[in-house]
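The sequence and structure are shown first, and the description follows.

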Amino acid sequence: MSATRERDPTRIRKRTVTVSGHVTSVSLEEAFWDVLKGIAAARDLSINSLVSEVDATRSGNLSSALRVFVLSELLGGTPSVPE
């Protein structure tokens, strides 16, 4: 695989994470994963701890919840939902 394809921000990769002591996988684009790692580092948390925090508040799919979490963090709060 070429280095260009490896760092394609739109490429979805499945990653294994430990959520509240249980191993699971999430599929995220490279861009979302990179920002998620940055948020974890800024909060002095492991990626597993941050994913566990998001998991505790989600109602749907974990991968989707992580994307919305990243979006919310980048926007500085909860993203608004059109009415």
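A residue counts as buried under 20% relative accessible area, as exposed over 50%, and as partly exposed in between, with a 1.4 Å probe and protein chains only. Helices (H or I, at least four residues) and strands (E, at least two) are DSSP runs, numbered from the N terminus. By these terms, helix α3 (residues 47-57) has L50, V51, S52 and V54 as its buried residues.

The model is predicted: local features need pLDDT of at least 70, side-chain atom pairs count only at pLDDT 80 or more, and totals for chains, interfaces and linings use all residues. Residues are numbered from 1 along each chain as its sequence is written, and side-chain values use heavy atoms, with hydrogens and water left out.

**The chain as a whole**

The chain holds four helices and two strands, in the order α-β-β-α-α-α from the N terminus. Of its 83 residues, 28% count as buried. The accessible surface, from the Shrake-Rupley method with a 1.4 Å probe, is about 5400 Å², and 53% of this surface belongs to carbon and sulfur atoms. Contact means heavy atoms within 4.5 Å. Among contacts between residues at least 6 apart in sequence, 35% join residues at least 24 apart.

**The hairpin**

Two strands pair if DSSP finds at least two bridges between them. Strand β1 (residues 12-19) pairs with strand β2 (residues 22-29) in the antiparallel sense, over eight bridges. Within this pairing, V17 is opposite T24 of β2. The two strands form a hairpin with two residues between them.

**Helix α3 and its surroundings**

The buried residues of α3 pack against β1, α2 (30-42) and α4 (62-75). S52, which is placed in helix α3, counts as buried because its relative accessibility is 16%. Apart from neighbours within four places in sequence, S52 is in contact with T18, V19 and S20.

For the helix pairs, axes are lines fitted to C-alpha atoms over the stretch in contact, and angles run from 0 to 180 degrees between N-to-C directions. Angles under 35 degrees count as roughly parallel, over 145 as roughly antiparallel, 65 to 115 as roughly perpendicular and the rest as oblique.

The axes of α2 and α3 cross at roughly 100 degrees and come within 9 Å. Therefore α2 is roughly perpendicular to α3. W33, L36, K37, I39 and A40 of α2 meet I47, L50 and V51 of α3 in this contact. By class, the contact has seven nonpolar, no polar and one charged residues; Ala, Val, Leu, Ile, Met, Phe, Trp, Tyr, Cys and Pro count as nonpolar, Asp, Glu, Lys and Arg as charged, and the others, Gly among them, as polar.

α3 and α4 pack at an angle of about 100 degrees, and their axes are 10 Å apart. Therefore α3 is roughly perpendicular to α4. The contact joins L50, V51, V54 and D55 of α3 to L62, A65, L66 and F69 of α4. Its residues divide into seven nonpolar, no polar and one charged.
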